[in-house]
Every structure is written in structure tokens, then in C-alpha cells.
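The notes are grouped by topic.

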Amino acid sequence: MGKVLWHDRKRTFCGLPWSFTTYTLESDRFVVEKGFLSRKEYDVRLYRILNINLSRSLSQRLFGLGTIHIDSNDKDLGSFDLLNIKKSKKVKELISEQVEAERRRNRVTAREFMMDMDDQDDDFNL
């Protein structure tokens, strides 16, 4: 288990932390815990995160919130959203920096595949 770098709760639309979903960024993984009576915990190794995006609606901007969308190649979580996060731009940058540090530490490279649809093999089905 790594060092905890950031921890917060999913918030309501007006920024209040009235939720049973928590997010924790550790030095080597990201953990999402959900539930009240029965709890589920999902974690994804940071080097498995492929892409991080930030979106902020008008109401989120009014309350100082944002939604961070994370794409990963983790089988359980896949793509997921961190909803209504305070200081979302700062948190997004923190996650991004940790992802890059973990990729370097584990000597993992992110590879992007681009394919021209005209060059497809006939046996390849999308």
C-alpha cells in the first residue's frame, strides 16, 4: 500500500460531501470505495491509466467543482468518473503527475494505436 496523496468524497451538485463514495490517490494506485452497508472497493494501478480529462458544467463552476474522467485498461473499472470534485484542476494534475511517475518507475510506456480504416484487413471486425 502506497502513501496517500489525496482523499475526498463524491459530492452533491452543490459541493456537499453527502455520499458514500470515496476516492483515494495513493503513490502507486487509485482506489474507489462505494456503498454504505455493503462496501465495494476498486483499485487501479496508476500505470494502467491511459487518459485523464476534466469537464466543468456551469453549475459545477459556480460551486468550484469539476468531473474528472479517467480511462484505464483495468478490467474492473475501465473508464470511470470522479464526480463533483473540489479543486478538480489541481487534482487532475496531481493524478496525471503520479501516473507519469509510476510509468517511469515501472518502465511502462503508453502506446497509442492509430489505424486508417482503409488499411483494415477484411477479417478484422469492429
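Asp 8 is buried, its relative accessible area being 11% (buried means under 20% relative accessible area, exposed over 50% and partly exposed in between, with a 1.4 Å probe and protein chains only). The model is predicted: local features need pLDDT of at least 70, side-chain atom pairs count only at pLDDT 80 or more, and totals for chains, interfaces and linings use all residues. Residues are numbered from 1 along each chain as its sequence is written, and side-chain values use heavy atoms, with hydrogens and water left out.

**Surroundings of Asp 8**
- Asp 8 belongs to strand β1, residues 4–9 (helices, H or I of at least four residues, and strands, E of at least two, are DSSP runs numbered from the N terminus).
- Its side chain makes a polar contact with the side chain of Arg 11 at 3.0 Å (a pair of N or O atoms within 3.5 Å; within protein, one must be able to donate a hydrogen and the other to accept it, and residues adjacent in sequence count only if both atoms are side-chain atoms).
- Neighbours within four places in sequence aside, Asp 8 is in contact with Thr 22, Tyr 23 and Lys 86 (heavy atoms within 4.5 Å).

**The sheet**
- Three strands form an open sheet in the order β5-β6-β7, with antiparallel pairing (two strands pair if DSSP finds at least two bridges between them).
- β5 (49–55) and β7 (79–86) are the edge strands, each pairing on one side only.
- β5 pairs with β6 (residues 65–72) in the antiparallel sense over six bridges.
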